[in-house]
Amino acid sequence: MKCALVIPPWQPGDIFPEKTASSQINYWQPLGTLYVGAVLKNAGHDVVFLNGAFLSNEEILEKLHQFKPGFAGIYSTAFGWKGAVRLASDIRKRTSNVFITAGGPYPSAAKGGALNGAEDIDAVVTGEGEVTVPELVKRLEKGESLAGLEGVIYRESGEIVSNNERKLIDDLDSIPFPARELLGDFEKYLPAPATYRRKPVAVMMTSRGCDRKCIFCFQFDRERKSGIRYRSVENVMEEIESCLRAGYREIKFIDDTFTSDYDRAMRIASEIKRRKLDFTWFASAIVNQVDKPLLKAFKEAGCWAILFGAESGVQANLNTLRKGTTVEQVRKGVREAKEAGLKVFTPFLIGIPGETRENLQKTIDFTLEIDPDVVNFHYLTPFPGTELHDNIAKYGSMSDDLTEYTYQGGAFVPHSMSRGEMAEMRNLAFRKFYTRPRFLFRRTLGLRSADDLKAAFSGLKSLFWILKEKALFRRKKEKLSGSW
């Protein structure tokens, strides 16, 4: 069967403030979609991938009309759901005899509720799709009912039918590598400026799941029954080498935490070094799961940067988030990573339940003290399916506009602050950190290439607007005075 996998159209201005988008925009390789593409191709189907990051709505519709798929799978986050529904409606009008399915974080969280008001979507796939989607397409080919197909919620005779959820995949080595060949010009897929050293950049996951219970994190396994599932080191190395053969020169490991199994992380680094593989890489870790020997091994294996989800410089805030870390562990992790020669990225959150202006000032002071190479200040976002979203009255209030469910949108306001205060403090945080002579001098010394210069120029433009406009991070003036 002809299968089309689609990401709805979007523009940088839909997510980021227009005047700072150039220093924030990133185009990630959509691993979930590429994994589904791989299993469909292995099953003998003709697969095309259309990415709305680079194609307009009309261009997608025209390509689908020419391709004439029997199955169309639309990927959607909460932010992108309105666009996914609109695209499904447009596809239905232009392309006949196509079964339209939606998958991704939002359909997985909303389940059957996603189909309400989305009449042109025939079904949603919840959870991991590598087993479910090929089985769904197989039934469509045979003209069989979807009754009992685990992981699928579908329409039948005007009713929404919910099948049982599918168990998460235990043997990750059994899944084929993502079908990166579907990307076409893969050099277009670049992370944000200053967050990579070489290009092209591949994205890879060596594990799935997380054993933490942060209130802001969505996981397919809400109860954490499956824990963290790991790919074997041998399987990971095989994919790394396949990426290098394809021409990639940097890899971003986007596991929730690359270091949750210390010995395994050390083995991966040691194996990269032993094989003398020529690529740079970037990973994320939890601060209490690393130490000097591991960080040094990463550096020697080609790792150039590490991201620690610091979130706050106030212990009470970390406890509220259920982060499972301490301020001292953040301080120690950043220090040891810098001593190992790694660049350190530390995102922080704005709008934590119970947070005040005074708390936020302490967090800003903390960022200046630990002095990472790059910080970001995201709005805490109540993504559907998270503890924060599902118990919103306990924590604050949230917007009913799904397009604001991004780290830039300010969709959540805690009881302890107003949205206007959050925006002002976020602006202050950026100004305080990025206007320091120490930071500017270090950034200037670090310029080595045309990409470095381009990233620095984008950053300076963003900094100019942050300094010029105190309300830069306020998306809607009519909502500045308070909560929702």
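Reader: Hi! Which residues does asparagine 51 touch, not counting those up to four places away in sequence?
Author: Asparagine 51 touches Ile7, Trp10 and Tyr189, where contact means heavy atoms within 4.5 Å. This is a predicted model, where local features need pLDDT of at least 70 and side-chain atom pairs count only at pLDDT 80 or more, while totals for chains, interfaces and linings use all residues. Residues are numbered from 1 along each chain as its sequence is written, and side-chain values use heavy atoms, leaving out hydrogens and water.

Reader: Thanks! Is asparagine 51 buried or exposed?
Author: Asparagine 51 counts as buried because its relative accessibility is 7%; buried means under 20% relative accessible area, exposed over 50%, and partly exposed in between, with a 1.4 Å probe and protein chains only.

Reader: Which backbone nitrogen lies 2.9 Å from a polar atom of its side chain?
Author: That is the backbone nitrogen of alanine 53. A polar contact here is a pair of N or O atoms within 3.5 Å; within protein, one must be able to donate a hydrogen and the other to accept it, and residues adjacent in sequence count only if both atoms are side-chain atoms.

Reader: And where in the fold is asparagine 51?
Author: Asparagine 51 is in strand E2, residues 46–51. Strands (E, at least two residues) and helices (H or I, at least four) are DSSP runs, numbered from the N terminus.

Reader: What order do the strands of the open sheet take?
Author: The 7 strands run E2-E1-E3-E4-E5-E6-E7, with mixed pairing; two strands pair if DSSP finds at least two bridges between them. E2 and strand E7 (159–162) are at the edges with a single partner strand each, so one side of each has no neighbour in the sheet.

Reader: How many bridges join E1 to E3?
Author: Strand E1 (residues 2–7) and strand E3 (residues 71–75) run parallel and are joined by 4 bridges. Alanine 4 has alanine 72 in E3 as its bridge partner.

Reader: Switching topic: which backbone oxygen does the side chain of arginine 212 reach at 3.2 Å?
Author: The one of lysine 323. The backbone oxygen of glycine 324 also lies 3.3 Å from a polar atom of the arginine 212 side chain. Arginine 212 itself is in the loop between strand E9 (207–208) and strand E10 (229–230), and is buried at 15% relative accessible area.

Reader: Last one: which residues touch the most other members of the largest nonpolar core?
Author: Of its 89 residues, those are Ile240, Ile272, Trp281, Phe298 and Phe308. Such a core is a set of buried Ala, Val, Leu, Ile, Met, Phe, Trp, Tyr and Cys residues joined through side-chain atoms within 4.5 Å.
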